[in-house]
Amino acid sequence: MDFNQYARNLWENTSEQRESRVREERILKKINRKIFWRSVVLKTCVGAVSAAACVAALVLIFTYDRGDAEFAPSDLVTCVAGESRFLELPDGTGVWMDEGASLSYRESMSESRVVRLDGNAVFDVVKMHDSKEFTILLKGSRIVVHGTSFSINETAGANINVVLYSGAIDFISEGNGQTVSMKPGNSLSFNYQKSTLNIAPSFDGISWQDGKFIINNASLSSLIGFLSWKYDRTINLSGGINGNQSFNGVVHFDEELTEILESICFMLDLDYKITENGYDIVKP
């Protein structure tokens, strides 16, 4: 067996073990799901609530983004993820939220499919027969979806990063009205303070399916680049390590980065060191 085949077998075996362990953990976590979710339903101001309080509530909702005028607060639900969580929206759209992410949406999405996201998430948007567009409001921008799977990552540097796995989306900057139509294989970086954006190829050999990132003949360099992007950590390959080695396997949305690094290092007889900003993968 050549080295690449040996590495692939090891990765697939460890992926299966991790998947089994993750399934067991998810069963336990579902029992305590309410502990990790805070859900607030904002209803229309009525009765004893003063007109001034109503105005304040509307200002709170509508000053978030200039593109959310249609996002009425009458039946708004806001969910904040205490840890990585999966959420199914009323229209059947699946959302995998990172810890700390916040998502607001209507209790009923029959009339309008508009949500607001703060933080990181992966969307698997259901395409409706009535062709109602699915819109995600972000900081200084919005995404119009045409039935697709994609990731949204917000970094500390005022950047919103989008990677498209399937389908098509339009990314719109609210600052200057610039619209970019994305296709599978594209990634986009948007700075919401400067209203600047860049589009580039995404990570080779990595796709999304049912809550998992599928690694299919991805090079080590591509895999490390993807992990750096997903976990917002700097991961460096030390000199002398072959970045062209290929991998197959699965990475779960809520999987710990250190578990993945340990699997990679075990397969390649390498080690990793913790640095101030992330990790260095080195030879032992």
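Visitor: With which side chain does the side chain of Ser 151 make a polar contact?
Guide: In this predicted model, Ser 151 sits in strand β10, residues 149–154. Beyond four places in sequence, the contacts of Ser 151 include Val 163, Phe 213, Trp 229 and Tyr 165. The polar contact of the Ser 151 side chain, at 2.7 Å, is with the side chain of Tyr 165.

Visitor: Is Ser 151 buried or exposed?
Guide: The cut-off for buried is under 20% relative accessible area. Ser 151 has a relative accessibility of 1%, so Ser 151 counts as buried.

Visitor: How many salt bridges does a search of the whole structure find?
Guide: Side chains of opposite charge can pair when their charged atoms come close. Across the whole structure, the search finds a total of five.

Visitor: What is the relative accessibility of Arg 85?
Guide: Glu 83 is buried, with a relative accessible area of 16%. Arg 85 also counts as buried, and its relative accessibility is 6%.

Visitor: How many residues apart in sequence are the parts that Asp 118 and Lys 139 tie together?
Guide: The side chains of Asp 118 and Lys 139 form a salt bridge with an N to O distance of 3.7 Å. Asp 118 belongs to strand β6 and Lys 139 to the loop between β8 and β9, so the pair ties together parts whose separation in sequence is 21 residues.

Visitor: How many residues apart are the parts tied together by Glu 174 and Arg 142?
Guide: The side chains of Glu 174 and Arg 142 meet in a salt bridge at 2.5 Å, N to O. Glu 174 is in the loop between β12 and β13, and Arg 142 is in strand β9, so the parts joined by this pair are separated in sequence by 32 residues.

Visitor: Which residues do salt bridges with shared partners join into one network?
Guide: Asp 118 and Lys 139 meet in a salt bridge. Salt bridges that share partners make one network of Asp 118, Lys 139 and Glu 154.

Visitor: What distance does helix α5 reach from its first C-alpha to its last?
Guide: Helix α5 covers residues 257–268, twelve residues in total. At 1.5 Å a residue, 16 Å is expected. The reach of α5 is close to that value, at 17 Å.

Visitor: Which residue, with a positive phi, follows α5?
Guide: Among the buried residues of α5 are Met 267 and Leu 268. After the helix comes a residue with phi near 55 degrees, Asp 269.

Note on methods: Residues are numbered from 1 along each chain as its sequence is written. This is a predicted model: local features need pLDDT of at least 70, side-chain atom pairs count only at pLDDT 80 or more; totals for chains, interfaces and linings use all residues. Side-chain values use heavy atoms; hydrogens and water are left out. Helices (H or I, at least four residues) and strands (E, at least two) are DSSP runs, numbered from the N terminus. The expected span of a helix is 1.5 Å times one less than its number of residues. Buried means under 20% relative accessible area, exposed over 50%, partly exposed in between (1.4 Å probe, protein chains only). A polar contact is a pair of N or O atoms within 3.5 Å; within protein, one must be able to donate a hydrogen and the other to accept it, and residues adjacent in sequence count only if both atoms are side-chain atoms. Contact means heavy atoms within 4.5 Å. A salt bridge is a side-chain nitrogen of Lys or Arg within 4 Å of a carboxyl oxygen of Asp or Glu.
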